[in-house]
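Colleague: I have a model open and want to learn how to read it. Can we go feature by feature?

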Amino acid sequence: MEILDKLKNSQSNLYSELSKVIIGQNKVIEHMFIALLCRGHVLLEGVPGLAKTLLIQCLANGLDLKFNRIQFTPDLMPSDITGTELIQQDKVTGERSFSFHKGPVFSNIVLADEINRTPPKTQAALLQAMQEKKITASGNTYDLDKPFFVLATQNPIEQEGTYPLPEAQLDRFMFNLLINYPSRDEELKVVKNHSSQNPDSIESIISLEDLSMYQDLVAQVPVADNVIEYVVDLVKKTRPNDTDNQEIEKWLDWGAGPRASTHLILAAKAKAVLSGKSTPDIEDVNAMLKPVLRHRIVPNFNAEAEGVTKDDIIDMLLS
């Protein structure tokens with residue numbers, strides 16, 4: 001209970017600190033914080049100018065963790081992310097040897113900015129890091145710093161010079177969060193406070209030790225069998241060959257895998273803890289459904305032709 005009270009205080013202080021720079025986007029901030037508690041990666045999607053990069057920078061500054069930003073471009077190579085071996089000469093003996101120079105992925109929080117602007121070869125350099133918290137270079141395997149988070153951004157409307165993420169990599173992200181346009185009042189505040197929006201003004205609120213303690217707390221939250229069965233049955237209904245829902249079968253080519261079920265349970269645990277509950281219920285699962293599922297289901301031509309979105313399909317699933 002002491003850890004839970006400390007977590008609630010840390011959450012409140014972090015949100016208050018972020019509000020100095022970030023206006024609105026409360027649900028997105030909550031979901032990103034939940035992903036951090038669950039040791040999950042986040043894909044942030046939205047049109048240009050909605051402060052995706054600024055939000056991640058501010059969140060990183062609010063945590064006492066090492067932070068690196070990688071700007072993805074079409075000419076970025078895998079070694080630019082993971083690191084490369086350099087020849088070094090001993091000043092005394094004159095002997096030359098290879099030494100590994102670590103890349104920006106060796107950090108606690110990695111901002112992968114505009115991740116869909118780089119080719120698949122470079123995108124794949126993150127796969128092992130995201131799944132195993134390790135990278136392999138020149139036949140040697142190196143452990144990454146812990147905790148390790150990839151917070152990626154992408155622009156959904158830009159088509160020229162972009163490379164859509166493959167489903168195998170999308171599945172490594174715990175959440176796919178959509179940032180929408182601000183309301184009129186929020187946009188007025190953004191414009192008025194534009195000159196004071198400095199991410200460096202965010203003070204560190206949560207230490208590495210505290211974050212690790214909060215993550216362990218979430219992992220230990222018990223879950224009732226009926227909630228687990230509900231999650232498994234719900235995810236199973238997204239698979240066209242397994243579902244008994246003809247509407248779902250009509251709109252989808254491919255459904256979510258078992259990783260979706262485990263991430264959904266984890267997210268529901270964190271949601272319950274932040275809501276003051278001792279165990280998650282169906283309401284917590286439903287609240288986390290869209291961030292967990294929207295990048296793991298593949299709509300077919302029928303859905304695209306009739307303008308049915310992934311979120312529409314998930315709403316059908318719930319109803």
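Modeller: Start with Val-308. This is a predicted model. Beyond its neighbours within four places in sequence, Val-308 is in contact with Trp-251, Ala-303, Ile-313 and Met-316.

Colleague: Where is Val-308 found, and is Val-308 buried or exposed?

Modeller: Val-308 is found in the loop between α15 (301–305) and α16 (310–318). Its relative accessibility is 15%, and buried means under 20%, so Val-308 counts as buried.

Colleague: How do I read a helix with a buried side?

Modeller: An α-helix has 3.6 residues a turn, so residues three or four places apart point the same way. Now take α1, residues 2–18. Its buried residues are Leu-4, Leu-7, Ser-10, Gln-11, Leu-14, Glu-17 and Leu-18. Seen down the axis of α1, they fall within an arc of 150 degrees, so they line one face of the helix.

Colleague: What covers the buried residues of α1?

Modeller: The cover includes α2 (26–37), α3 (52–62), α9 (208–219) and α12 (258–274).

Colleague: Next, the nonpolar core. Which members touch the most others?

Modeller: The largest nonpolar core has 69 residues, and Met-32, Leu-37 and Phe-175 touch the most other members. A second, separate core holds 24 residues, including Phe-100, Ile-115, Tyr-142 and Phe-148.

Colleague: Now charges. How do I read a salt bridge?

Modeller: Side chains of opposite charge can pair when their charged atoms come close. The structure holds 11 salt bridges. One of them joins Asp-171 and Arg-296, with the closest N and O atoms 2.6 Å apart. That pair links distant parts of the chain, 125 residues apart. Asp-171 lies in the loop between α7 (167–170) and β9 (175–178), Arg-296 in the loop between α14 and β11. Both residues are buried. Arg-259 joins Asp-171 and Arg-296 in a network of salt bridges.

Colleague: Are Asp-315 and Lys-290 buried or partly exposed?

Modeller: Asp-315 is partly exposed, at 35% relative accessible area. Lys-290 also counts as partly exposed, at 26%. Their side chains meet in a salt bridge, 3.1 Å from N to O. Asp-315 lies in helix α16 and Lys-290 in helix α14, so the pair ties together parts 25 residues apart in sequence.

Terms used: Residues numbered from 1 in each chain as written. Predicted model: local features only at pLDDT ≥ 70, side-chain atom pairs only at ≥ 80, totals over all residues. Heavy atoms only, no water. Core = buried A, V, L, I, M, F, W, Y, C linked by side-chain atoms within 4.5 Å. Buried < 20%, exposed > 50% of the residue type's maximum accessible area, 1.4 Å probe, protein only. Helix = DSSP H or I, 4+ residues; strand = E, 2+ residues; numbered from the N terminus. Expected span 1.5 Å × (residues − 1). Arc of directions from axis to C-beta. Contact = heavy atoms within 4.5 Å. Salt bridge = Lys/Arg side-chain N within 4 Å of Asp/Glu carboxyl O.
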